[in-house]
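Visitor: Could you take me closely through the surroundings of the ligand here, and say what the protein places around it?

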Amino acid sequence: MSENLKIAIQKKGRLNNKSMQLLKSCGIEIENFQDRLFVTASNFNLDVLFLRDDDIPEYVQENVAHIGIVGENEMLEKGLDVEPVKKLGFGKCSLMLGIPEKDELNNINELENKTIATSYPRILKNYLAENKINAKVIELSGSVEIAPSLGVADYICDLVSSGNTLKLNKLKKSFNILDSQAVLIKSKRFDNNPNLKRTFEKLLLRIESSLKARKSKYIMMNVPKSSLEQIIEIIPSLKSPTVLPLSNEGLVAIHAVINEDKFWEINEDLKKAGASGILSMPIENIIL
Ligand code: PRT
Ligand code: ZN
């Protein structure tokens, strides 16, 4: 039997659930994975390794896991030799500078000679160097947000999503250093194994079609024949929409696949043009 492709995903934490959901949406069945470090999919040549997110880039660099799912922040902070393949659209956050609410920071140069606490020293130091700023970077492994109130640092550089943690600690957002999301990364060392390469390409195709489907909606509506052309103009369809006859001869049904963001934008125009019974449904997969 040929070797299975190995994917590393976060064992527990913010990326675990969505990573598992992504594999599921690719039709991959993984059973009884609770409290296990290693599971083999029942219907695909894939082994799943459950790891701490900090360790995933190294496992992938060393080709112990051939691919992995990790935050871009973690991938860049580790600075290892792995190949980013695809942004996955979840785990979105920003690495930001957080400053005390009472402070003002209008220009990046005002960071000169300040002390900044962070768990992302590599990314922060690169950012400071790019902006030619001398500041002291203090590396903390957690609870970075309390550093200013303890007098350990003037400012912090940490991940922010809702901003609530900053607020709770009487801090506010300042400069944005990096926008991050979960990314599929790949080892540079398994491409010479044709079986693994084929399995990876098959998985990537499924991931791409699942991501495309997630951003799309299947919409259906009834429209008077007299406004058919006008309504087709309004629909930003991915492909030409389908027009179907109805038993009421004055009406036809239109089916189309559109970008999810557009649904609410076009809804009013569709109604004004005479469309009725507008339905939208999620799509599982799109193979274009
Ligand atoms: O145990 P393990 O090492 O695997 O997990 P971990 O605790 O290191 O990571 P985890 O699960 O917290 O985060 C995993 C990944 O999720 C990160 O590397 C990011 O890519 C992504 N992510 C998305 C976030 C956040 N959003 C986020 N808000 N990671 C951390 N946070 C933290 C942030 O550090 C701060 O403490 O949440 C707090 C801020 O959140 P808000 O909503 O209050 O702004
Ligand atoms: Zn971690």
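Guide: A polar contact is taken here as a pair of N or O atoms within 3.5 Å. In this predicted model, a polar side-chain atom of Thr165 lies 2.5 Å from an oxygen atom of ligand 1, and the protein covers 78% of the 840 Å² of accessible area that ligand 1 has on its own. Two further contacts involve oxygen atoms of the ligand: a side-chain N or O atom of Gln10 is 2.9 Å from one oxygen atom of ligand 1, while Asn164 contributes through its backbone, with an N or O atom 3.5 Å from an oxygen atom of ligand 1.

Stepping back to the whole shell, ligand 1 is surrounded by 21 residues, of which the closest are Asp54, Asn73, Ser162, Gly163 and Thr165. By class, the shell consists of 10 polar, 7 charged and 4 nonpolar residues. Among the secondary-structure elements, β9 (155-160) and α6 (164-168) each supply at least two residues of this shell, and β9 gives the most, with 3 residues. On the scale of domains, at least three shell residues come from domain 1 (5-91 + 182-213) and at least three from domain 2 (93-180). Finally, the space that ligand 1 takes up is the largest pocket.

Terms used: Residues are numbered from 1 along each chain as its sequence is written. Chains are lettered from A and ligands numbered from 1 in the order in which they are written. This is a predicted model: local features need pLDDT of at least 70, side-chain atom pairs count only at pLDDT 80 or more; totals for chains, interfaces and linings use all residues. Side-chain values use heavy atoms; hydrogens and water are left out. A residue is near a molecule or strand if one of its heavy atoms lies within 4 Å of it. A polar contact is a pair of N or O atoms within 3.5 Å; within protein, one must be able to donate a hydrogen and the other to accept it, and residues adjacent in sequence count only if both atoms are side-chain atoms. Accessible areas come from the Shrake-Rupley method with a 1.4 Å probe; for residues, only the protein chains shown count as cover. On a 1 Å grid over the protein atoms alone, a cavity is a set of points where a 1.4 Å probe fits but cannot get out, and a pocket is an open set with protein on both sides within 12 Å along at least five of seven lines; lining residues have an atom within 4 Å of a point. A molecule sits in a cavity or pocket if more than half of its atoms lie within 2 Å of its grid points. Helices (H or I, at least four residues) and strands (E, at least two) are DSSP runs, numbered from the N terminus. Ala, Val, Leu, Ile, Met, Phe, Trp, Tyr, Cys and Pro count as nonpolar, Asp, Glu, Lys and Arg as charged, and the others, Gly among them, as polar. Domain bounds come from an automatic or database domain assignment.
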